[in-house]
Amino acid sequence: RAHVLELAPLTAAQPKTWLGTVCGDLPNVQSLAERVYSLAQGNPRDTMLLAQHLVDIGIVRHHAGAWSLPTQLTEVALPHDMEQAQRHVVRTLDAESRKLATAFALEPDLNSLTRADCSQLSPDAAQLIDGLLRQDVLVERGAGFAFRHRALSTALLEALNDSTRRELHLSLAGLHEASGHDPLTVAYHLHHAGRSEACLQKIL
């Protein structure tokens with residue numbers, strides 16, 4: 001049986017120790033560690049996410065068996081906050097993966113959805129979910145899923161227009177209907193899809 005282990009916040013010195021272990025004794029590790037600590041506020045998960053973000057955008061590079069950092073970190077465009085870092089992750093998703101992830105962001109009880117349920121959203125749902133797990137957008141939680149970071153769902157919904165939002169809510173209503181879930185959950189999505197009459201029928 002899995003147990004949840006609560007990690008204590010990192011001290012200001014720990015990111016430098018960790019980055020130094022990975023990158024070696026580079027002269028600007030201290031400066032980078034200070035900026036990472038300032039952004040992550042000692043949160044271990046956010047520290048790891050920021051480190052991955054720095055690799056993804058090419059600030060931290062690995063070549064010929066060694067890591068390298070820019071010589072002038074003042075010129076490096078680090079994210080202003082975790083939300084900005086997660087927007088970068090969202091921009092890297094292909095259209096179908098982003099659409100499915102956005103539908104998940106509209107679902108209040110995401111970890112209650114199984115892979116079988118999600119096949120109602122897309123015939124390729126299983127493959128898309130596997131991709132989102134590999135890209136660390138989602139993590140498995142019980143029989144369902146959760147976003148790795150709450151800022152990911154925020155970033156997905158930021159650019160969502162009203163028409164697509166209604167379309168996705170309608171698809172989610174169909175998913176819950178087909179899966180025999182709580183009629184109130186179906187009604188919730190019908191309401192947000194603009195189907196007021198159908199919503200009332202589910203409630204009454």
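Trainee: What should I know before I start?

Mentor: It's a predicted model, so local features need pLDDT of at least 70, side-chain atom pairs count only at pLDDT 80 or more, and totals for chains, interfaces and linings use all residues. Residues are numbered from 1 along each chain as its sequence is written, and side-chain values use heavy atoms, with hydrogens and water left out.

Trainee: Which residues of α2 are buried?

Mentor: Helices here are DSSP runs (H or I, at least four residues), numbered from the N terminus. Buried means under 20% relative accessible area, with a 1.4 Å probe and protein chains only. In α2 (residues 29-40), that gives Val29, Leu32, Ala33, Val36 and Ala40. Looking down the axis of α2, these buried residues fall within an arc of 100 degrees, so they line one face of the helix; the arc is taken from the directions from the helix axis to the C-beta atoms. Their cover includes α1 (14-23) and α3 (44-56).

Trainee: And what comes after α2?

Mentor: Gln41, with a positive phi near 55 degrees.

Trainee: Which members of the largest nonpolar core touch the most others?

Mentor: In general, nonpolar side chains tend to be buried together in soluble globular proteins. A core is a set of buried Ala, Val, Leu, Ile, Met, Phe, Trp, Tyr and Cys residues joined through side-chain atoms within 4.5 Å. Among the 23 residues here, look at Phe104, Val137, Leu138 and Phe147. The largest share, 5 residues, comes from α7. A second, separate core has 16 residues, including Leu19 and Met82.

Definitions and conventions:
Helix = DSSP H or I, 4+ residues; strand = E, 2+ residues; numbered from the N terminus. Expected span 1.5 Å × (residues − 1). Buried < 20%, exposed > 50% of the residue type's maximum accessible area, 1.4 Å probe, protein only. Contact = heavy atoms within 4.5 Å.
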